[in-house]
Amino acid sequence: MLLIIAITVHNLPEGLAVGVGYASVGRPGVSIQDAHNLALGIGLQNFPEGLAVSVPLKAAGYSTSSSFFWGQASGMVEPLAGILGVVFVTLVEQVLSVALSFAAGAMVWVVVADIIPESSNHGNIRHCSFGLIIGFIVMMSLDTALG
């Protein structure tokens, strides 16, 4: 249950980051392509997050539909936080750097403090390390390819 809560909370700053990214289009150095790339990167890493919620629930005896529902529900905070990010940037431009810093720091903290230790608790340290390395390579490749 802690993992489900952690991923749901983790999705809040992700949504903020996407909302802030789109609300910042047109400002110096920020294009619509930058906002699309940010949304694509966050969207791609949401697939394993949904699995990280659904698979443990299924293994704990929840039905497939219930596991799927909670996996989806954990991500539904993201669009709401995205709207909040747009509102923040629209109302107060100075919030932009603070919101982006908060989003980045919160994502790193949740991964390091909750997700990595939780995923390696059951003797899966090699799989966890391999997944972390592959995920890093994919995201760095996307960052390089998409600019």
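Residues are numbered from 1 along each chain as its sequence is written, and side-chain values use heavy atoms, with hydrogens and water left out. Because the model is predicted, local features need pLDDT of at least 70 and side-chain atom pairs count only at pLDDT 80 or more, while totals for chains, interfaces and linings use all residues.

The protein contains six helices and zero strands, and its pattern along the sequence reads α-α-α-α-α-α. Helices (H or I, at least four residues) and strands (E, at least two) are DSSP runs, numbered from the N terminus. The radius of gyration is 16 Å, close to the 15 Å that the globule rule gives for 147 residues, so the protein is as compact as a globular protein of that length. That radius is taken over C-alpha atoms, and the rule is 2.2 Å times the number of residues to the power 0.38. Along the principal axes, the C-alpha atoms fill a box of roughly 50 × 30 × 25 Å.

Of the 147 residues, 29% count as buried (under 20% relative accessible area, with exposed over 50% and partly exposed in between; 1.4 Å probe, protein chains only). Contact means heavy atoms within 4.5 Å. Among contacts between residues at least 6 apart in sequence, 70% join residues at least 24 apart.

Not counting residues up to four places away in sequence, Ala23 touches Val86 and Val89. The C-alpha atoms of Ala23 and Val89 are separated by 6.2 Å, although the two residues lie 66 residues apart along the chain.

Two helix pairs complete the description. Helix H2 (residues 32-59) packs against helix H3 (residues 64-75) at an angle of about 150°, with axes 8 Å apart. H2 is therefore roughly antiparallel to H3 (angles over 145 degrees; under 35 count as roughly parallel, 65 to 115 as roughly perpendicular and the rest as oblique). Axes are lines fitted to C-alpha atoms, for helices over the stretch in contact, and angles run from 0 to 180 degrees between N-to-C directions. The contact involves Gly50, Val53, Ser54, Leu57 and Lys58 of H2, together with Thr64, Ser67, Phe68, Trp70, Gly71 and Ser74 of H3.

H3 and helix H4 (residues 77-91) pack at about 10°, with their axes 4 Å apart, which makes H3 roughly parallel to H4. Ala73, Ser74 and Gly75 of H3 meet Val77, Glu78 and Pro79 of H4 in this contact.
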